[in-house]
Amino acid sequence: MPKLLVCYKWTLDEQDIKINPADLSLDASRAKGKISDFDRQAIEEATLIVEKQGGTVAALSYGTPTVKQSLKDVLSRGPNKAFYIADKSAESADAYVTASVLAAAIRKIGPFNFILLGEGSSDMFYQQTGPRLAQLLGIPCVSFVQKMEIEGDVLKATRKLSDSLEEVSVKGPAVISVLSEINKPRIPTLKQVLGAAKKPNEEVKIADLGLTPAQLAPKAVRKSAKGFVMNRKHIVYKESDAAANVAKLAASLAAEGLR
């Protein structure tokens, strides 16, 4: 029976983030946390596999001290146990740092047959953590997965490429990054939410992972983040002839420099 691990990120809910129109700065003071959207799909997929054929699912997250707020939510979605790394270094972590921390933690709490995660996070969407994690662990990576199944120690997956689908198989251990269309995550029931409080969770101290200062120094440094405000012109074309409306719209867009 498979022993699965799902890596997830606790992010701010973008719906709660406000944009200051004066300078386009972001106000996240009232933003609540959530499990990154793609990672919810990874959690759901691992849970569905275990429900179907047995096995275990563990969850692992690296974040700021607020990551502790995610434990009840993630455990209510199926995992048997949650591991978390709560450290201030996550505030500036890029994909390089994130993968380094996760890989070190997995070596400590593993091994696992397959490691699942979302194709990218809701906030940064680097799409690098999965491949970087696999490289650090020295195992294969299968990305852009929209369908998967496990038979014994082999995972069969359908990858969605830009212009085609690719069928692949890989023997574990391996890292699998999934797309949003792989499933529709279920909303935890009241029983599952209450049961989450009885499931174990364990903090992994970043100081115990043997990482060097260089491994915790991001390669990409974010200087600032600004919002985008769309200024609409509110032009309505009301000609009875649809073709005339289209022609006016095309002429207007051309006048704006669009070709």
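**View 1. What comes after helix 4 is glycine 138.** The phi of glycine 138 is positive, near 70 degrees. Helices here are DSSP runs of H or I with at least four residues, strands are runs of E with at least two, and both are numbered from the N terminus. Keep in mind that this is a predicted model, where local features need pLDDT of at least 70, side-chain atom pairs count only at pLDDT 80 or more, and totals for chains, interfaces and linings use all residues. Residues are numbered from 1 along each chain as its sequence is written, and side-chain values use heavy atoms, leaving out hydrogens and water.

**View 2. Here are the buried residues of helix 4.** Looking down the axis of helix 4, its buried residues fall within an arc of 130 degrees (taken from the directions from the helix axis to the C-beta atoms), so they line one face of the helix. These buried residues pack against strand 1, helix 3, strand 8, strand 9 and strand 12.

**View 3. Zoom in on strand 9 and strand 12.** Strand 9 (residues 141-151) and strand 12 (residues 174-178) run parallel, joined by 3 bridges. Valine 142 of the model stands opposite isoleucine 176 in strand 12.

Key
Two strands pair if DSSP finds at least two bridges between them. Buried means under 20% relative accessible area, exposed over 50%, partly exposed in between (1.4 Å probe, protein chains only). Contact means heavy atoms within 4.5 Å.
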